[in-house]
Amino acid sequence: MAKSEKGDAAATVFTPIEEQPSHDLKSKIKIAWSRARRAWLFPVLHIVFCLILSLVLALVINGYQAINTTTPRYYNGVYVLRVSDVTTLVSLGLVFIKITVTSWTILTLWRCADILKTKPGLALPRFAFMMRWKAPPWIMWPPKIPEGQKSWVVAVVLLLILPQPFIAPLLSGAVDWNTSSIPGQEKTVSSGAPNPNPGAWYYYLNQDVDRSAQFRRAGGAVSLTWDTGNGAIHTGNGCRHIVNNDGLPVNSTLKDALIPCLVVHDIKWDTTAGSSDVNTVLGNSKEYSIVLEGTAVQPFDVYQPGITMVFDFGKTRGDSKGNYTYSGTDNHTASHLPPLLFTGTKSIILMLSHQSSTGCSPIDPSTFGDMSQVKNPYSHTTSNTQELCYATGKINFTAGVIKSSLSTYITSRVVESQDAVEDLAWQSDVYTQEALWMLPDLMAMAAIMNSSSIPTFDNLDNYAATLLRYSYLAAWDTLTSIYGLGGAGSVDLVATTREPRIQATVSYARVFAWLGINLLTTVSAILLWWIRARTGTDHTDEVEDAAIEEVEDAPLEEVDDAIIEEVKGLNDLVGINYLIDLF
């Protein structure tokens, strides 16, 4: 430090002490390492940050079950993130990456300028253009073609870093969120209805008014079971059961529940003219109704396409009344039929159209679409000018109950078995036959209400099979909810609740496209290192200092704002590099 005087004022001038050059190998290595860190730290940090963020998105965030705003932060002692937390962490990672990209871009621009300083085409306006737009100076108007190897390498390097500031949205939009759930606490629930009345079974067997009430309840059960917001979309094998409302959320599970089930194996429609038996049934379908007395509506009294009846020719419920045993008149109790697991074939009649008389040739288009594929439909005349067209045939199915190893709550009142059809554990049940007797009435009601929204267009076989299954499940559920579970009785079952979550789904295409574009920065660093090593311009300190001095000494009118901003950024980098040297 030296002191000097000028007039009466004293000033202190700090004179830097010149370091003597060291030729020690250790010092040379230290200097080389320091320069390498300052020159190439940012591209290394950039690729490391990019790889970490990509792996976190692909391996950690993808499938992550975040909580909503109403769920406590801690679940089973574990801190769970919300969607906003994940978004914040991804944004934070992008900020760190932006810092490395911005720093590397500034250094790259000045180093490219250093490489091109001997080129006569790098005038101050083109230099300013390169600094402002981070683009090759030769595309400035009027454009030029780069000359020589160095110019082409510089042009490629600048083009590689050009898209980096614009690709962050590609990654920030790579995460989609969908509602989900995870297993929660276990809860014990009852398999039976809360207030069954087994004693009322006697009145069901002996009074039309009771049977009429129950098949109407069963019509409501069809709506309750299948009008669930997702309609006929199955989450399992299609066998559903109405359970008690225990307040369990959708997607909760139930183990070992007894569930009514019906599986249709085959439908064969008649290809020859129907027999006189069909006409007898159509003229007096009331015989197959469970309501035998009074002025009850017969299944085919309503002329609506889609009304279907599954039955046995010549066998009615009234014929089996003697198979029940009754106690004394004071007790008013009655037995059930023996447990049944039905597997076999029954007759099916399905109304296709109500139209002007043509002998059902052709059948007018209806809710089922073009019915020309139905061979020899049965024509039933209703007047001199009107007729009803029916498809008749045989349907083979299995009906009973299953013990489902796992069922899922479709709503808080309805569960659906998840067991594979080929692995169903079939069981016989005392209500199977009574539910089958109820089918003619219930299938007609379900078809008229159409609350289950079964697809009909060009869907004849599936419509008939689905309507049969819906009706049987509803009939069995109605009988067991009113009269109890028969010999099985009510048992305790284990249900597992579901906790609401919001699940992340990461687009791998977006993530790896973003990573691929970021790798261009690494390629630019390799190219820049190669060309600097080849041209002998690897002197980072001198480039930084010379660039700052050159702009400071240039006439003010010649200095572009972009250059000033870049120099400010370069000054910041000098400070950063000083901090790097401390380590």
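Let's start with a charge on a ring: Arg 501 lies over the face of Tyr 75, at 4.9 Å from the ring centre. A charge counts as sitting over a ring if NZ of Lys or CZ of Arg is within 6 Å of the ring centre and within 35 degrees of the ring normal. This is a predicted model, where local features need pLDDT of at least 70 and side-chain atom pairs count only at pLDDT 80 or more, while totals for chains, interfaces and linings use all residues. Residues are numbered from 1 along each chain as its sequence is written, and side-chain values use heavy atoms, with hydrogens and water left out.

**Nonpolar cores**

- The largest nonpolar core has 74 residues (a core is a set of buried Ala, Val, Leu, Ile, Met, Phe, Trp, Tyr and Cys residues joined through side-chain atoms within 4.5 Å; buried means under 20% relative accessible area, exposed over 50% and partly exposed in between, with a 1.4 Å probe and protein chains only).
- Helix H11 (residues 460–483) gives the most to this core, with 14 residues (helices, H or I of at least four residues, and strands, E of at least two, are DSSP runs numbered from the N terminus).
- Leu 352, Phe 397, Met 438 and Tyr 472 have the most contacts inside this core.
- Another core, of 24 residues, lies apart from it and includes Phe 42, Trp 104, Phe 127 and Val 153.

**Aromatic pairs**

- There are twelve aromatic pairs (rings of Phe, Tyr and Trp, the last by its six-membered ring, pair if their centres lie within 6.5 Å; planes under 30 degrees apart are stacked, over 60 edge-to-face and the rest tilted).
- Trp 201 and Tyr 204 are stacked, with ring centres 5.2 Å apart and planes at 10°, and both residues are buried.
- Ring pairs link Trp 201, Tyr 204, Tyr 431 and Tyr 483 into a cluster.
- Trp 226 and Tyr 470 are also stacked, with centres 3.9 Å apart and planes at 15°.
- Because Trp 226 lies in helix H7 (residues 208–226) and Tyr 470 in helix H11, this pair ties together parts that are 244 residues apart in sequence.

**Disulfides**

- The structure holds two disulfides (pairs of cysteine sulfur atoms within 2.5 Å).
- Cys 239 and Cys 261 are bonded, with sulfur atoms 1.9 Å apart; the S-S torsion is about 45°, so this disulfide is right-handed.
- Cys 360 is joined to Cys 389, S to S 2.0 Å; here the torsion is about -105°, so the disulfide is left-handed.
- Counting bonded cysteines along the chain, the pattern is 1-2, 3-4.
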